[in-house]
Amino acid sequence: VLHQFGLVGGDDYDSKETRLTQLLERLPCARRISPEGSRAAVAPAAWAVLLICEPASLKAVEPVLAKLRQASNGSTVNVEVVVGRTTQLPQASLARYNLVINWDVPTTAEEYLRRVSVAQEAGFGGVDDLPRVVYTMVLERQLKGRGCREIKLLLRRAIRFAQTELVAGGAAKVAELDSALQYLGNNFDCDEDGEDDDGDADDSCDCMHCTSRSGCALSFHMARPESPLKAVAAAPTVEVVRVPLQALEDLSAVAPLMASRVQNHACTLICLHNMYCHTPWDGYEHLFALPAGMGAVRVVMVLATGSSWHDYPDVGSFAGGVAWMDILDMESMNKADRLIERLVEHEVGLLGGQGERLFLMGASQGGGQSMLHFLRSRRRLGGWIGAVCHAPTAPHTPCNEDPLTDASRPLVNCDRPMRLLAGELDSTFPAALALRDVERLRRGGGFTNVGVT
């Protein structure tokens with residue numbers, strides 16, 4: 001069973017009603033694509049949801065469910081609501097629930113485990129391959145309450161058990177449980193340095209590219225030479241372009257500054273950095289060099305506005321991680337994607353129209369943003385490379401904005417290589433989450449050349 005918690009309520013977080021809507025509209029409903037690329041409609045995934053709330057919350061729950069029924073996107077989601085703090089739960093033999101949503105934090109660890117057992121029993125049914133999830137909504141003031149304290153102790157014991165017993169999940173399960181434990185153990189009243197947040201901090205990026213107000217920059221690098229003498233005479237094998245994302249809104253103005261100074265480069269790599277870090281590859285540019293004799297590579301590093309590619313509805317997830325669902329904001333992702341598309345077309349033009357020589361790459365948040373364009377691209381590209389990220393598909397996106405379920409989506413890149421580096425001990429995006437997404441790319445998207453390390 002996967003355990004995920006979500007901060008809700010107050011001025012800083014989404015309401016419980018909004019969070020419930022976000023969860024239910026993201027339950028996957030996919031078409032499967034054959035390896036040959038022909039679309040074959042299949043029955044949608046049969047999600048069954050058990051929502052547990054207290055009597056006072058029922059009036060808030062019912063309008064959300066009624067609205068979702070009216071705006072049904074065709075997915076099969078069955079929601080049963082049970083009311084009460086320690087209410088009688090449905091018998092596992094009568095119903096199997098893939099997702100249990102705790103509208104309120106259980107008051108004891110024993111009650112939490114009782115609800116977990118509902119999802120656990122669904123796992124024994126073997127009716128489909130959906131994950132079994134318990135999602136708990138948490139008000140900030142509840143983090144110090146008895147329920148959260150007992151659940152944290154429970155998680156710590158589970159982590160120790162998983163560390164010593166492979167049958168309990170080993171390192172992969174430790175990472176999942178640790179993401180929940182970090183979430184519940186975070187001090188949300190303090191900033192990263194432990195100081196009280198007075199609201200006067202300067203959130204602007206302090207990297208050299210932002211502080212110098214760079215509009216566009218080019219640099220040239222060489223592969224590591226065999227000797228210092230050869231380094232003097234060697235021609236550059238890596239051309240690096242750094243360009244702010246907002247500059248792409250008027251690409252014609254910045255294009256002359258981005259013009260390639262290296263003749264006939266072999267390929268182009270468009271790189272999107274991780275969140276809040278414009279400089280992950282600074283000082284390592286020479287490592288982009290191709291093997292000797294293969295020519296020069298052009299590397300375009302795009303710098304996101306505010307150092308973030310898109311917004312996050314669930315800002316509380318920064319505290320720990322997400323074992324199951326990373327709630328993505330598609331409006332801001334689509335805005336960035338439109339600018340990336342302009343850049344791709346410009347760079348393909350420099351390659352004489354040969355899109356197969358252009359590759360997309362990204363790390364963490366930039367990995368998801370770059371993959372979104374790869375999944376949507378109507379131009380045949382070289383491939384995609386990413387690290388410590390996940391696929392921007394359901395359950396992270398609403399079903400009606402999942403790039404894999406768009407009936408008119410292009411299939412031109414389904415056989416192109418996709419390579420993902422996942423961290424076995426990563427608690428932000430646990431490896432198991434990434435592997436589930438990869439399986440969905442294969443089975444639901446028809447991508448036949450996906451590899452994970």
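## Helix 9 against helix 10

Helix 9 passes helix 10 in a right-handed crossing; a crossing gets that label if the near helix is turned clockwise from the far one by less than a right angle, and left-handed if anticlockwise. This is a predicted model, in which local features need pLDDT of at least 70 and side-chain atom pairs count only at pLDDT 80 or more, while totals for chains, interfaces and linings use all residues. Residues are numbered from 1 along each chain as its sequence is written, and side-chain values use heavy atoms, with hydrogens and water left out. Helices (H or I, at least four residues) and strands (E, at least two) are DSSP runs, numbered from the N terminus.

The axes of helix 9 and helix 10 come within 10 Å and cross at roughly 65°. Axes here are lines fitted to C-alpha atoms, for helices over the stretch in contact, and angles run from 0 to 180 degrees between N-to-C directions. Helix 9 and helix 10 are therefore roughly perpendicular to each other (65 to 115 degrees; under 35 is roughly parallel, over 145 roughly antiparallel, and the rest oblique). On the helix 9 side, the contact takes in M330, M333, N334, A336, D337, I340, E341 and V344, and they meet G368, Q369, L372, H373 and R376 in helix 10. Contact means heavy atoms within 4.5 Å. The residues of this contact split into six nonpolar, four polar and three charged. For that sorting, Ala, Val, Leu, Ile, Met, Phe, Trp, Tyr, Cys and Pro are nonpolar, Asp, Glu, Lys and Arg are charged, and the others, Gly among them, are polar.

L251, A255 and M258 from helix 8 meet R342, L343, H346 and E347 from helix 9. Sorted by type, the residues of this contact are four nonpolar, one polar and two charged.

H346 sits in helix 9 and counts as buried, at 19% relative accessibility. Buried means under 20% relative accessible area, exposed means over 50%, and partly exposed is in between (1.4 Å probe, protein chains only). Leaving aside residues up to four places away in sequence, H346 touches L251, A255 and M258. H346 and L251 are 95 residues apart in sequence, yet 8.5 Å apart in space, C-alpha to C-alpha.

## Helices 4 and 5

Helix 4 (residues 146–164) and helix 5 (residues 170–185) pack at about 160°, with their axes 9 Å apart. That makes helix 4 roughly antiparallel to helix 5, and helix 4 passes helix 5 in a left-handed crossing.

From helix 4, C148, I151, K152, L155, R156, A158, I159, A162 and Q163 make the contact, and their partners in helix 5 are G170, K173, V174, L177, D178, A180, L181, L184 and G185. These residues divide into eleven nonpolar, three polar and four charged.

## Salt bridges

Side chains of opposite charge can pair when their charged atoms come close. The structure holds 18 salt bridges, each being a side-chain nitrogen of Lys or Arg within 4 Å of a carboxyl oxygen of Asp or Glu. One of them joins K16 and D104, at 2.9 Å from N to O. This pair links distant parts of the chain: K16 is in helix 1 (residues 16–24), and D104, 88 residues away, is in the loop between strand 6 (99–102) and helix 3 (109–125). Both K16 and D104 are buried. Elsewhere, D14, R19 and D314 are linked in a network of salt bridges.

E345 pairs with R379, with the closest N and O atoms 2.8 Å apart. E345 belongs to helix 9 (residues 330–350), while R379 lies 34 residues away in the loop between helix 10 (365–376) and strand 13 (383–387). E345 is partly exposed at 36%, and R379 is partly exposed at 28%. The side chains of D415 and R380 also meet in a salt bridge, 2.9 Å from N to O. D415 is in the loop between strand 13 and strand 14 (418–421), and R380 is in the loop between helix 10 and strand 13. D415 counts as partly exposed at 40% relative accessibility, as does R380 at 26%.

## The whole chain

The protein's secondary structure comes to eleven helices and 15 strands. Of its 453 residues, 50% count as buried. Among contacts with a separation of 6 or more, 78% are between residues 24 or more positions apart.
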